[in-house]
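Dear colleague,

Please find the structure below, handed over for your review. My notes on its charged side-chain pairs follow.

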Amino acid sequence: MEEFRRLTRLPAYVFNITSELKAAARKRGEDIIDFGMGNPDGATPKHIVDKLIEAAQKTATHRYSLSRGIPRLRKAICNWYKHRYDVDLNPETEAIVTIGSKEGIAHLCLAMLDDEDTVAVPNPSYPIHIFGPVIAGSKVQSIALDGTDEEALWQRLEYELPRMEPRPKLLILNFPANPTTQCVELSFFEKLVPLCKELGIYIVHDLAYADIVFDGYRAPSVLEVPGAKEIAAEFFTLSKSYNMPGWRVGFMVGCPKLVGALGRIKSYFDYGTFTPIQVASIAALEGPQECVADIVDTYKCRRDVLVPGLNKLGWAVDLPKATMFAWAKIPEQYRALGSVEFSKKLLLEAKVAVSPGVGFGEHGDGHVRFSLIENEERTRQALRGIKAMFKAG
């Protein structure tokens, strides 16, 4: 059988390796504490679910929706940005609803890119940021991230972007970052936007973890920079902020040219998210926000058990100030194993599942990612398992 050329550009999905081991262990009756997939475990807030049920009982909502999203939701999105970031957006030309941000990013890449284009992406990075451009047929130039220092990142971008050959058409960023938890201040975007304008590079910023922030940190929007809408677009998803991962709803706002491009290609692919989900999303964005604060508190409590607990075991891990993850450098005594083999060891010996860092790019191979999706009691159990593994050598 001949191979499908586009699929040959996609590597084996390394997360499947640990997923299969995890499934086999559970089949044997083992209790695996799962910090792997970043899949929120909490219930969607009741007022959002109630609105979904109410809307779903109306026959008119069962028809095809709009690929760009219903007008009322696009208006709610723009109002949310105005209230949160003091950014003015036109719901007709500068906002579009997506079937989760992952779908939106992948389809935007298909709309913008072809095999003559190059995209600059930090490495490690969330896989769709790397493989969205790959699926679209373009080339990816990795910007290696060695740590979480904002100034070091800026200096690298300032040096590398003008020197990349060919010049990238697009720069994809994600702050607060998955998997590294790296954060930036607005001053970072205030320097980046003029540089990308000068170089003729579009910016796509994935702001999925805008709300999942701790210790007084505020995650900025690239669109807060005056004139950013000329070259920049930003994605947001309701998955994390409102415990709505399976609902598959998000949006992109910003540069009218990019919004128009995504809208045009989506019109060929889909009829949009189920209308009752969009109606419920309006309730999420415009309704009481105490639920968001409660969700953030849950992640903070889990973070404050996991990370100090790992440090007490001698596994030095930085305390993240945002996201639902901890990015952990593999302990020195196990570093030669690499992230896949170390993840296997954790699973088989400590009964703890994590994501191998190499799944986020080759520069992530010295790390593993913990997702804060287990409660405090289960997290303490995981720490005991890791402690026992360390003692056994």
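In these notes, a residue is called exposed when its relative accessible area is over 50%, buried when it is under 20%, and partly exposed in between (1.4 Å probe, protein chains only). The model is predicted, and therefore local features need pLDDT of at least 70 and side-chain atom pairs count only at pLDDT 80 or more, while totals for chains, interfaces and linings use all residues. Residues are numbered from 1 along each chain as its sequence is written, and side-chain values use heavy atoms, with hydrogens and water left out.

The structure contains 28 salt bridges, each defined as a side-chain nitrogen of Lys or Arg within 4 Å of a carboxyl oxygen of Asp or Glu.

One of them joins Glu332 and Arg335 at 2.8 Å, N to O. Glu332 is exposed, at 59% relative accessibility, whereas Arg335 is partly exposed at 31%.

Arg302 and Asp41 form another salt bridge, at 2.9 Å, N to O. Arg302 belongs to helix H12 (residues 290–312) and Asp41 to the loop between strand S1 (33–34) and helix H3 (46–56), so this pair ties together parts that are 261 residues apart in sequence. Helices (H or I, at least four residues) and strands (E, at least two) are DSSP runs, numbered from the N terminus. Arg302 is buried at 7%, while Asp41 is partly exposed at 43%.

A salt bridge also links Arg74 and Glu92 (3.5 Å, N to O). Here Arg74 is buried at 2% and Glu92 is partly exposed at 46%.

Finally, a network of salt bridges connects Asp215, Lys300, Arg303 and Asp304.

With kind regards
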